[in-house]
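Visitor: I would like to learn how to read a few features of a model. Could you guide me?

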Amino acid sequence: MSANLKKLSALSQRGPHRVLEGDLGYTGLPGKVYTPAEGSNLPAVAFGHDWMRTADNYTATLRHLASWGIVVAAPDTETGFNPDHAGFASDLETTLQILAGVRLGNGNVTVSPGKLGLAGHGMGGGAAVLAAVNNEKLNAVAAVFPAATAPSAIEAARNLYVSGMVIGPDKDADALFDPGNPSALAYNWAGEVVYRVVKKGNQQSFAEDGLGKRLLGLGAPKRSVQTTVRALLTGYFLHQLDGNKKYDDFSQPNAKGKAVSSLRNDELAKRAGLTAQSSGLTIR
């Protein structure tokens, strides 16, 4: 029986917390920080942007997570045409260390070092996977329409034992529409992983791009996709990082909800263009 994401609609709305915005740059790493106005031992997430984008292209998403009690920071590094993916992964890890080590929101906000997560979109999703390998302080990772990286996030996932959520496109051949092949990334994931398909979603639909980037062909955002992905991220991290059992369904591999379906086992292998027999991998 499939788990029902009944709280998807509620989590797509703004959360109960007032949100504060800060500058990550005071730590020496450029970027943005969003926190609830107050709270102690909160969960925290470092978020990676896609290629040729910045934290400003995810303002609504970052504020949304903070409104639900999750501290989130996004480094503004590797924003150029030829980014260093390994360097960006290192910056995401540094961002997490910063969040876990300082008081935020005029001293009214603290992060629990045992409630840390990584997330990212496109290039940032791949970089989050790279940053998660052998990171013992990490509790969960979410990759939103992850793109190809060098070194390969798909290969890195073979050694990734932390819990993960991969969000993939609504296409039969996602390797064509999303070169990062999110389904292959999920297929290779060594630990517990869930794979979500968002209706009408793909790599180009999530970032909050302005008119300039749309004209350059870098973005074709869809509000419905953004809303759904924000809710999935919120529910997943509230359960995985904060231990809130109310959102247990968001960690179930067979969960489904409005505009959301899940793939696993043979369906995931087929989407990835792989076979269980040829790979020798276990699919969850």
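Guide: Gladly! Buried means under 20% relative accessible area, exposed over 50%, and partly exposed in between, with a 1.4 Å probe and protein chains only. This is a predicted model, where local features need pLDDT of at least 70, side-chain atom pairs count only at pLDDT 80 or more, and totals for chains, interfaces and linings use all residues. Residues are numbered from 1 along each chain as its sequence is written, and side-chain values use heavy atoms, leaving out hydrogens and water.

Visitor: Is Asn188 buried or exposed?

Guide: Asn188 counts as buried because its relative accessible area is 5%.

Visitor: How do I read a pair of aromatic rings?

Guide: Such a pair is described by the distance of the centres and the angle of the planes. Rings of Phe, Tyr and Trp (its six-membered ring) pair if their centres lie within 6.5 Å; planes under 30 degrees apart are stacked, over 60 edge-to-face, and the rest tilted. This structure holds five aromatic pairs. One of them, Tyr58 with Phe206, is tilted, at 6.1 Å centre to centre and 45 degrees between the planes. These two residues lie 148 residues apart and link distant parts of the chain.

Visitor: Are Tyr58 and Phe206 buried or exposed?

Guide: Tyr58 is buried, at 1% relative accessibility, and Phe206 is buried too, at 0%. Ring pairs also link Phe47, Tyr58 and Phe206 into a cluster.

Visitor: What kind of pair do Tyr247 and Phe250 form?

Guide: Tyr247 and Phe250 are edge-to-face, with 6.2 Å between centres and 70 degrees between planes. Tyr247 counts as buried at 6% relative accessibility, and Phe250 is buried at 2%.

Note on methods:
Helix = DSSP H or I, 4+ residues; strand = E, 2+ residues; numbered from the N terminus.
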